[in-house]
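Open the model in your viewer and keep the sequence panel beside it. Each stop below tells you what to select and what is found there.

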Amino acid sequence: MNDLSPTHFQQREYSAAAKAFLARTPQLFINNEWVNSSADATIPVEDPSSGKEIGRVVDASDKDVDRAVSAARVAFDDGRWSGLPPIQRDRTMNRLADLLEANADLFAELEAIDNGKPKGMAAAVDVPAAASQIRFMAGWASKVNGEVIQPYTMPTGAVFGYTSREPVGVCAQIVPWNFPLLMACLKIAPALAAGCTIVLKPAEQTSLTTLLLADMVAQAGFPAGVVNIITGNGHTAGDRMVKHPDVDKVAFTGSTEIGKLINRNATDTLKHVTLELGGKSPVVIMPDVDVAEVAPGAAGAIFFNSGQVCVAGSRLFAHSSIFDKVIEGVAATGPFWGPRPSLDPEGHMGPLVSKEQFDKVMGYIEAGKRDGASVAMGGDAPATDGYYVNPTILVDVNPQMSVVREEIFGPVVVAQRFDDLDEVAKAANDTCYGLGAGVWTRDVATMHKLASKIKAGTVWGNCHGVIDTALPFGGYKESGVGREQGRNGIEAYLETKTVIIQM
């Protein structure tokens, strides 16, 4: 797969709308206005399909962060959003979803240009899922209720006790570069439904669609200061957001290493924290399956989005009796997943997001080889200017290897054999992570047994990576703190107040 000509990896021309967006002056979205930074620092925007700089975004200063937080603080304290009738918050959020859908093609193109994922995938997955996050959570705006509770130690009628649910306040939200638009909407939707105000920072590598989303926020009719979007580096702007005394809650999706740092920094002011972090998800294939049907699913579990997925099925466990067939079946999907430029309509997998990520993934592959792993497919990169890595299968691995223990976040799967249920359950849990897992079997009893044994926030049966906004999502162990989506998602942005009145 690495013998293709350079023209195969030539990025397509951008649309006029995308070119116009990229030509905009770098600014920040604060108080419903596009404003200049207090400093002159900017961050280059690269197209990973070509490795070329295509624009710039603001690298927010401390003063910029303070200005955004102040806008959110004032907007929350005066109740201009939380005090609205729930039906108005619902309708405003749905207008935002309408605008997102009306501009779906531009969102998909910018996501592809910025992140490297195929435009077709962004159009089919990222944009519709982002709109669904907003619509689902909009409905919760009218369903946040407390309850009347009869006290346990007092006579009936002695006191009137009830609870109310209130928005937690100003939320600092930091989203990753693998699903920029989707993660931005996943973060803002429950916060808005709860009545919170927001300062959102996209990843410095992929800010374009979040900035376009800011245009839609202004058009949808949100009051000034409710949604503020700033760009900048994580170690400066992100750090300032997390430590800011006027921020009440921090929500972060990204690496476990940075999540731990955020958790420590938020402790000084005991901010509420939601963390969705890394994973090293097992995919278990039992001997009763039809390998021809299952192998493409196992391949998709790791090669989808170039393996840059927190729940990527990066540890493949196949029963010894079918191991070789499974490897052959996954390898047979190689041409389908062969990397192409993000705007290539025939592409199913694009480049990695950056040179940094490319070097990291290739470093892991070389480390695996040095440690004794064998390459069953891929293991190399096309000779091109973009950040492409060929889909890779490593076999002859053991649990001590870094490729088995650490999150690679690229199109690299390590495959291992097993012989019985207890053995594979123990191996699946032999990790500091616990975000997701997949089990492929025709036996319902086996499915339930493994689902109960595997320590993960989500266990998929005969599929992998299926996400729905109504179902809670999060991880065990070092894969995170708290849950997003579903009812759990909005509750993460609410405080519970108890009121006791003596009668």
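Predicted model: local features only at pLDDT ≥ 70, side-chain atom pairs only at ≥ 80, totals over all residues.

**Stop 1: N31**

Select N31, in the loop between β1 (28–30) and β2 (33–35). Its phi is near 60°, a positive value in a residue other than glycine.

**Stop 2: helix α3**

Next, select residues 86–102, which form helix α3. The helix has 17 residues and reaches 24 Å from its first C-alpha to its last, close to the 24 Å expected at 1.5 Å a residue. Colour its buried residues: R89, D90, T92, M93, N94, L96, A97, L99 and L100. What lies over them? The cover includes α4, α5 (119–140), α6 (180–194) and α7 (208–220).

**Stop 3: helix α4**

One of those covering helices, α4, is the next selection, residues 104–115. Its end C-alpha atoms are 16 Å apart, which agrees with the 16 Å that its 12 residues should span at 1.5 Å a residue. How many of its 12 residues are buried? The count is 10, and α4 is mostly covered. The buried residues are L106, F107, A108, E109, L110, E111, A112, I113, D114 and N115. Move on to G116, which follows α4 and has a positive phi, near 105°.

**Stop 4: helices α10 and α11**

Select residues 291–303 for α10 and residues 323–331 for α11. Their axes come within 8 Å and cross at roughly 60°, so the two helices are oblique to each other. The crossing is right-handed. To see the contact, show V291, A295, A298, A299 and F303 of α10 together with K325, V326, G329 and V330 of α11. By class, these contact residues are 7 nonpolar, 1 polar and 1 charged. An α-helix has 3.6 residues a turn, so residues three or four places apart point the same way.

**Stop 5: Q357**

Go to Q357 in helix α13 (residues 355–370). Is this residue buried or exposed? With a relative accessibility of 7%, Q357 counts as buried, since the cut-off for buried is under 20%. Leaving aside neighbours within four places in sequence, Q357 is in contact with W177, Q308, L352, I408 and F409.

**Stop 6: D396**

Select D396, in the loop between β15 (392–395) and α14 (402–405). D396 has a positive phi of about 55° although it is not a glycine. Its relative accessibility is 51%, so D396 counts as exposed.

**Stop 7: helices α15 and α16**

Select residues 421–428 for α15 and residues 444–453 for α16. These helices pack at an angle of about 35°, and their axes are 10 Å apart. The crossing of α15 and α16 is right-handed. The contact is made by L421, D422, V424 and A425 of α15 and T446, K449, L450 and K453 of α16. Sorted by class, the contact has 4 nonpolar, 1 polar and 3 charged residues.

**Stop 8: H464**

H464 counts as buried because its relative accessibility is 16%. Which residues does H464 touch, not counting residues up to four places away in sequence? They are S281, P282, V283, A301, V311, A312, G313, A437, G438 and W440. Finally, draw a distance from H464 to M447, 17 residues apart along the chain: their C-alpha atoms are separated by 14 Å.

Notes:
Residues numbered from 1 in each chain as written. Heavy atoms only, no water. Axes fitted to C-alpha atoms, helices over the stretch in contact; angles between N-to-C directions. Helix = DSSP H or I, 4+ residues; strand = E, 2+ residues; numbered from the N terminus. Parallel < 35°, antiparallel > 145°, perpendicular 65-115°, else oblique. Left-handed = near helix turned anticlockwise from the far one by under 90°. Contact = heavy atoms within 4.5 Å. Nonpolar A, V, L, I, M, F, W, Y, C, P; charged D, E, K, R; others polar. Expected span 1.5 Å × (residues − 1). Buried < 20%, exposed > 50% of the residue type's maximum accessible area, 1.4 Å probe, protein only.
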